[in-house]
Amino acid sequence: MEQYNVTGMSCAACQARVEKAVSEVPGVENCAVSLLTNSMGVEGTADAADIIKAVEQAGYGASLKSNLSSADSGLGTTVDGFTPNYDNELKDLETPVIKKRLVASLVLLLPLMYVSMGHTMWNWKLPGFLDGNPVGIGITQLILAMLVMVINQKFFTSGFRGLIHRAPNMDTLVALGSAASYLYSVYGLYEMTLAQLAGDSTRVHQWHHDLYFESAAMILTLITVGKLLESISKGRTTNALKELMKLTPKTAILIKDGIEKVVPIQQVKIKDQFVVKAGDNIPVDGVVIDGDGAVNESALTGESIPVDKTVGDTVSAATINESGYMVCEATRVGKDTTLAQIIQMVSDAAATKAPIAKVADKVSGVFVPVVIVIAIITLIIWLLVGQPFGYALARAISVLVISCPCALGLATPVAIMVGNGMGAKHGIMFKTAVSLEQTGKVQIVALDKTGTITKGEPKVLGAFQGDDVDDVDLLQAAFALENKSNHPLAKAIVEYCYELGLEPNEAEQFENLSGSGLKAVLDGKKIYGGNLEFITSYINVPEKDISLADKLSENGETPLFFASEDRFLGIISVADVIKDDSPEAIKQLKNMGIHVVMLTGDNDKTARAIAEDAGVDEVVAGVKPDGKEAIIRELQKHGKVAMVGDGINDAPALTKADMGIAIGAGTDVAIDAADVVLMKSRLTDVAAAIRLSRATLKNIHENLFWAFFYNVIGIPLAAGAYIHAFGWTLNPMFGAAAMSLSSFCVVTNALRLNLIDIYNIRKDRKIKASIETNELLSKDLSSDSDSIDGNKRFVDGIIVGKKEDISTMEITVKGMMCQHCEAHVKEALEKIPGVEEATANHDASLVTLKTSADISEAELKAAVEAAGYEYAGIK
């Protein structure tokens, strides 16, 4: 998306005019104009010069925005190492100008009101040369009002330019109202002068009370007051983005030839080594190559608790090293840093348009011409019923100045900007206005298991020593064996032992037996570790321990057996544990009326155990990496679906879902494919994102209601439609005051979003949906009709093969020790053309294959051995 600055826009009608003009340029695929930020986002192949020309022909100005990735603008690229310079981004240049205009207008308006109304209504004294001189009073008003009009000439230049280009805007209404008041008053002053020369005091008195010079000036001044309030409030809506921009570091400490040197951030390049001392901001994204520190990442994630960093850990620009000393190597600079991408994301979201804004845009496009027609009709009707021209003109002017298309134009973008800012503050990044609007409408949330519901890394859940075995003996044997292995389960046991304060004893004659298990010599005795089959080949395992292992497996845990040459030592249970916040997050989603589905490649037993602990409504087990997209497609038959994932294999499903939500700690591919990115990798942020979206949408509805309601009530009031029923009339000055406050009210209401607590569950409401709490997939697909890829159906939420279409075979595979081993074998076999599904059971050393074509045994053997396991034939 290419972004442009647009000048000269004053209301929603201007916005609609620019959008229409640019959309007609050949090569423009999509155009979104933001009145809030006076910017425009354009997608397509159209040349920038053609786009700018179209805007200028429409009567406005345009220029290419300082792109975050533009090297020419000095904002940096990955190649040269430049870093974005945000000093001038979103700088408020409008408010100071409006403030000066307002002060000058007030200085002139006060004496004008004193002369025009103070003397007439309250008999305030006038200077001697004006006392008893109506024509002199009129000339004084004419001069003061003219000066106010000159100061506020922007309304006239913009308004009449819009008329010339057949695109009238809010400024046109203001200019017409003020100019009509002034010109009628000039005519009245002329008639009054003639009457005074003729000695007709009655006509002089009559015309003296028909002068509207103060109205002409007051209209402009009050509208300027509204513009100032609106400008200040609009500035506050971008505070979150401004705060992010202020975080950009200015310097870095590089190590050059062993010497530390402070350099501007623009000079940092990929693979440069930089130093981060205690209290320093980290200048660019990198990886720690020496030292350690405690890094406060609240600027990016909203989480204030420092994160410990050591060699091999990644660090991000704009985070703060609270303690320690680190030497890091730059991996991302300039526009590629996490901070720059967040800023770009928020900026792009502001440049896009929410679907709900289209209604307001359509109304805004015809609003001003319709109001002008209503004003003319009002004037004619009052003249036809016999009212004086001055009275009829006052009603028409009131119609012009009370009408406010700005409130319509601002109703959606201000709420979107504030909502995006709130999300960014809490580490929830909405990529577009559409994603912010639509996230709150989801009815089904599909959660990837590994890394989303669970931590994605195995942990020791328990150690169960054998009869007459000390727990330390079990752990020391396991520690000595696993310390020499690089298996994920081995790492979990090693970390567990270190946490207990144990130190590893040196094992000798270590052997890793084709993944089946490990054996070594410790203190002169042979020790063994592995699955049940491996251990029973060396020593008998008591029945009670085998039963214990079965129960652990039913709970989704992996039991690892350990023995010495003369006795069984015990079992250590390992599993991929559920994140601490996952059950609470899923509970919150269900309380919001959302159906929660868990997708996993695990076997039925493990999947059901985790699903029960997490509290999901439905589980789909045995899902192939490329099968998630098909499941999302089926879920979409029941409602709007959000997919939450973090892996490369989640990208197709994230793209297919109505709303893709990526866990921030996941892969770049998943983040690129998603519509919403959770920087904190916390599942409760899914509920928070939905909560924020709903609050933003509610705020937009309130704004649109106010904008429409204000005009529906205000225009008839200004036209005098309520005079006979209630006796209500509206002075043009009060109409201008109402118009000036309408936009301010809309923007102020949007700012209330800053006050909401997106983690507060007390106000959660269940959405109205036709989704029942029982399982969607099993209910819809339990028949034998084709579904997903034509070869599968769902039973109780578990994916299984259709017997009439699928052949089943079993093969023996030795060396599998855990669920991770099962996953490796499963992945390897499912890559073979014709293998629809592979279900591995490490306890039985068995793999069940469901095939749709003939598979040679050579292919099976090659796939198993390539994965590092032993193929033992077809069963």
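Where is Val-385 found? In this predicted model, the residue sits in the loop that runs between helix H12 (357-384) and helix H13 (389-402). With a relative accessible area of 55%, Val-385 is exposed, because the cut-off for that class is over 50%.

Lys-698 is part of helix H26, which covers residues 684-719. The relative accessibility of Lys-698 is 53%, so this lysine counts as exposed.

Turning to helix H20, is Ile-546 buried or exposed? Ile-546 lies in this helix, which spans residues 543-554, and its relative accessible area is 18%. Ile-546 is therefore buried, since the class takes in residues under 20%. Its surroundings can be described through its contacts: leaving aside residues up to four places away in sequence, Ile-546 touches Leu-532 and Val-541. For the pair Ile-546 and Leu-532, the separation in sequence is 14 residues, while the C-alpha to C-alpha distance is 8.0 Å.

Technical notes:
Residues numbered from 1 in each chain as written. Predicted model: local features only at pLDDT ≥ 70, side-chain atom pairs only at ≥ 80, totals over all residues. Heavy atoms only, no water. Helix = DSSP H or I, 4+ residues; strand = E, 2+ residues; numbered from the N terminus. Buried < 20%, exposed > 50% of the residue type's maximum accessible area, 1.4 Å probe, protein only. Contact = heavy atoms within 4.5 Å.
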